[in-house]
Amino acid sequence: MTLLRMIAIHLLAVLVGTVLVSIANTHVDLQALARIGAEIPFAVRLDASLRDLQGFAPTLLALLLVGFSIAFPAAGWIAALLGGGIWRPVGFSLAGAVAVMVMITCITLVYRELLGSTITPIAASRELGGLLTLSAGGLVAGLVFAWLKPASR
């Protein structure tokens, strides 16, 4: 596999993760508002999603680029140690999900420890269900990476 193709596959996985995590972030927050009685029409959901893709996604993309650059090689190495096969898609998927979880946890820790803030900056991750929903975007990105990247020989 050429280096250029490998970079393209990695960037595609980062883009998929960015879009999915950003949209998940928007909708977890909107669902929290809906649970307390706010009406959220489809047009508002769409507008909020597009605004988050403009505002949140660029920073998220940079963070996922770094996170996936660490997580995917580690997952590939571990999958190879386990004999490849089913371990490749499982490993890359879990690596993508864990990368998102670690990134969000680190952001929260920076706010808490360095800035002395009690606010979780990514509101969607305040509850476990929200964090898992955001991590699902990383899981899908890892699966895309596994599907497109041929197994090493």
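**Entry 1: the model.** I am working from a predicted model. I keep that in mind for every value below.

**Entry 2: α1 and α5.** I began with how this pair is arranged. Two packed helices are described by the angle between their axes and the distance between the axes. For α1, residues 3–35, and α5, residues 128–148, I noted an angle of about 160° and axes 8 Å apart. Angles over 145 degrees count as roughly antiparallel, so α1 is roughly antiparallel to α5. I logged the crossing of α1 and α5 as right-handed. I then sorted the residues of the contact of α1 with α5 by type: 15 are nonpolar, seven are polar and one is charged.

**Entry 3: α1 and α3.** The axes of α1 and α3 are 9 Å apart, and the packing angle is about 130°. The two helices are therefore oblique to each other. The crossing of α1 and α3 is right-handed. On the α1 side, the residues that meet α3 include His 10, Leu 11, Val 14, Gly 17 and Val 21. On the α3 side I found, among them, Leu 60, Leu 64, Phe 68 and Phe 72. The residues of this contact divide into 12 nonpolar, five polar and no charged.

**Entry 4: the core.** Which residues have the most contacts inside the largest nonpolar core? I listed Leu 64, Phe 68, Phe 72, Val 100, Ile 104 and Leu 134, in a core of 25 residues. The elements that give two or more residues to this core are α1, α3 (57–81), α4 (87–114) and α5. In soluble globular proteins, nonpolar side chains tend to be buried together. With residues up to four places away in sequence left out, Val 100 touches Val 21, Leu 64, Leu 134, Ser 135 and Gly 138.

**Entry 5: Ser 125.** Is Ser 125 buried or exposed? Ser 125 lies in the loop between α4 and α5. Its relative accessible area is 11%, and buried means under 20%, so Ser 125 is buried. Beyond four places in sequence, Ser 125 touches Ile 104, Thr 120, Gly 130, Leu 131 and Leu 134.

**Entry 6: His 27.** His 27 belongs to helix α1. I read a relative accessible area of 24%, so His 27 is partly exposed. Sequence neighbours up to four places away aside, His 27 touches Arg 45 and Ser 49.

**Entry 7: Val 28.** Val 28 is also placed in helix α1. What separates the C-alpha atoms of Val 28 and Ala 124? I read 5.5 Å for this pair, which is 96 residues apart along the chain. Val 28 is in contact with Ala 124, Gly 130 and Thr 133, once neighbours within four places in sequence are left aside.

Notes: Residues are numbered from 1 along each chain as its sequence is written. This is a predicted model: local features need pLDDT of at least 70, side-chain atom pairs count only at pLDDT 80 or more; totals for chains, interfaces and linings use all residues. Side-chain values use heavy atoms; hydrogens and water are left out. Axes are lines fitted to C-alpha atoms, for helices over the stretch in contact, and angles run from 0 to 180 degrees between N-to-C directions. Helices (H or I, at least four residues) and strands (E, at least two) are DSSP runs, numbered from the N terminus. Angles under 35 degrees count as roughly parallel, over 145 as roughly antiparallel, 65 to 115 as roughly perpendicular and the rest as oblique. A crossing is left-handed if the near helix is turned anticlockwise from the far one by less than a right angle, and right-handed if clockwise. Ala, Val, Leu, Ile, Met, Phe, Trp, Tyr, Cys and Pro count as nonpolar, Asp, Glu, Lys and Arg as charged, and the others, Gly among them, as polar. A nonpolar core is a set of buried Ala, Val, Leu, Ile, Met, Phe, Trp, Tyr and Cys residues joined through side-chain atoms within 4.5 Å. Buried means under 20% relative accessible area, exposed over 50%, partly exposed in between (1.4 Å probe, protein chains only). Contact means heavy atoms within 4.5 Å.
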